[in-house]
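Subject: Structure handover

Hi there,

Here is the structure I promised to pass on to you.

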Amino acid sequence: MRLMVVGAGQMGAGIAQVFAMHGHEVLLNDVDEVRIKRGIDGIAKRLQRDVEKGRMTADARGKVLEHIDARPHFKDLDVALAIEAATEDFDTKIDLFHRLDENTAPDTILASNTSSISITSLGATTSKPERVIGMHFMNPVPVMMLVEVIRGIATSDATARTVVELASSLGKTPVEVRDFPGFIANRILMPMINEAIFAVYEGVASIDAIDTVMKLGMNHPMGPLTLADFIGLDTCLAIMNVLYDGFGDSKYRACPLLKQYVAAGWLGKKSGRGFYDYRGTVTVPAAV
Ligand code: NAD
């Protein structure tokens, strides 16, 4: 299959890598060539690590990279599927769905990797809402098994079936959910992360202590603050705001400390600093 992935950040690059590893032709898009190159370089680096660890041959690595092409524009898009994995921002995604709709064939499936934004709203901006669906991969995409498949109110059975089969063919486990704010994954995960941030904000315990309690006490592989840094604090804040607006319930209000970190540009691992500091040779909790 030939597909377009829009957004070459941590998720878009991961999605492009997984499709290319399964022999699909991927066009990778972002706002400029520099960001697309950064995404492709990241994929090349990750695959190189796989070669060094004996998980892949150098030849196979070369073939995967040959399956990914930079595509800085939307003109003449001859693709069966487009997956949008741009920044978690409603206006950005609405604009992208509008442009994808204008530049693709009527039967092209338009999927979003959004963590929380309404698939129904994205579909409504297009001429083919029955072909619009959520295909929510988890981070890191090459490693995580789950794909949450979200049906907007107008998504057709045929579109859902195609996407479920496609996710399975990539070696993932698709789970179908309905289109309500945060779907299932982030409706449950994000309030927990937000509560962990409130615990930091109120001085209940240190960053390290909170993560240790959740790791050793709940058997979570990663503490909530480490996970927040890994997801990106801007993405966490955007998801909390979608939950808050969507349900109109104060229990989803974002912690002021999360807002302050995002305002400071402390976005977690991707910016070098979040609840932990990633700039040195060892990762350490950052001072609050
Ligand atoms: P990121 O910040 O790493 O990357 C986002 C990319 O989108 C950037 O490269 C940015 O330049 C690009 N972008 C922004 N506007 C664009 C536009 N108009 N056209 C093309 N590209 C554009 O973010 P991410 O973590 O990769 O998240 C991307 C999406 O995936 C979001 O919707 C997010 O909610 C979702 N998601 C994130 C995670 C996670 O753990 N980070 C998990 C699942 C889903």
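Predicted model: local features only at pLDDT ≥ 70, side-chain atom pairs only at ≥ 80, totals over all residues.

Residues are numbered from 1 along each chain as its sequence is written, and side-chain values use heavy atoms, with hydrogens and water left out.

The ligand site

Around the ligand there are 25 residues, and Met 11, Asp 30, Glu 88, Lys 93 and Ser 115 come nearest (a residue counts as near if one of its heavy atoms lies within 4 Å). By type, this shell holds eight nonpolar, 12 polar and five charged residues; here Ala, Val, Leu, Ile, Met, Phe, Trp, Tyr, Cys and Pro count as nonpolar, Asp, Glu, Lys and Arg as charged, and the others, Gly among them, as polar.

- Ile 231 has a backbone N or O atom 2.9 Å from a nitrogen atom of the ligand.
- Arg 35 places a polar side-chain atom 3.1 Å from a ligand oxygen atom.
- Thr 87 has a backbone N or O atom 3.4 Å from an oxygen atom of the ligand.

On its own the ligand has 830 Å² of accessible area, and the protein covers 88% of that (Shrake-Rupley method, 1.4 Å probe). The elements giving two or more residues to the shell are helix H1 (10-21), helix H4 (90-103) and strand S6 (132-137). H4 gives the most, with three residues. Helices (H or I, at least four residues) and strands (E, at least two) are DSSP runs, numbered from the N terminus.

The sheet

Eight strands make an open sheet of mixed pairing, in the order S3-S2-S1-S4-S5-S6-S7-S8; two strands pair if DSSP finds at least two bridges between them. At the edges are S3 (68-70) and S8 (173-178), each pairing on one side only. S4 (residues 81-84) and S5 (residues 109-112) run parallel over four bridges, and Leu 81 has Ile 109 as its bridge partner in S5.

Two backbone details

The Asn 139 to Pro 140 peptide bond is cis, with omega near -5°. Pro 140 sits in the loop between S6 and S7 (146-151). Asp 76, in the loop between S3 and S4, has a positive phi, near 50°, in a residue other than glycine.

Best wishes

Notes:
Polar contact = N/O pair within 3.5 Å; in protein donor to acceptor, adjacent residues only side chain to side chain.
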